Amino acid sequence: MEFLVTMIVNFLATDMGAAIGAGLAALTGLGAGIGMGIATGKAVEATARQPEAVGKIRTMLLLGLAFAETTAIYGLLISILLIFM
């Protein structure tokens, strides 16, 4: 078991391991994009059902989109750090 952990750590310390890690970190943008699309679709549905609640729906949507975009930016930051460090 220790040998396997040592092999994984040595692999991640190489440039190829950093590139793979950067690619995986960049995939957070994919998840954030899917989540934002689903949230926007649900907000449109909610607005269609209750037009009088547009203000509250919009506020909650923008707050949720901000959190989702933050995770995407963190993934981008980590991938850039892995590539250039």
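In this predicted model, a residue counts as exposed when its relative accessible area is over 50%, and as buried when that area is under 20%.

Q: Which residues of α2 are buried, and why are they said to line one face of the helix?
A: G17, A18, A22 and A25 are the buried ones. Viewed down the axis of α2, they fall within an arc of 140°, so they line one face. An α-helix has 3.6 residues a turn, so residues three or four places apart point the same way.

Q: Why are α2 and α3 called roughly parallel?
A: Their axes cross at roughly 5°. Angles under 35 degrees count as roughly parallel, and α2 and α3 are therefore roughly parallel to each other. Their axes come within 4 Å, and L24, A25 and A26 of α2 meet T28, G29 and L30 of α3. This contact has four nonpolar, two polar and no charged residues.

Q: What makes α2 roughly antiparallel to α4?
A: The packing angle is about 170°, with the axes 8 Å apart. Roughly antiparallel requires an angle over 145 degrees, which makes α2 roughly antiparallel to α4. In the contact, A18, G21, A22, A25 and A26 of α2 meet G75, I78, S79, L82 and I83 of α4. By class, these residues are seven nonpolar, three polar and no charged.

Notes:
Residues are numbered from 1 along each chain as its sequence is written. This is a predicted model: local features need pLDDT of at least 70, side-chain atom pairs count only at pLDDT 80 or more; totals for chains, interfaces and linings use all residues. Side-chain values use heavy atoms; hydrogens and water are left out. Buried means under 20% relative accessible area, exposed over 50%, partly exposed in between (1.4 Å probe, protein chains only). Helices (H or I, at least four residues) and strands (E, at least two) are DSSP runs, numbered from the N terminus. The arc is that of the directions from the helix axis to the C-beta atoms. Axes are lines fitted to C-alpha atoms, for helices over the stretch in contact, and angles run from 0 to 180 degrees between N-to-C directions. Angles under 35 degrees count as roughly parallel, over 145 as roughly antiparallel, 65 to 115 as roughly perpendicular and the rest as oblique. Contact means heavy atoms within 4.5 Å. Ala, Val, Leu, Ile, Met, Phe, Trp, Tyr, Cys and Pro count as nonpolar, Asp, Glu, Lys and Arg as charged, and the others, Gly among them, as polar.
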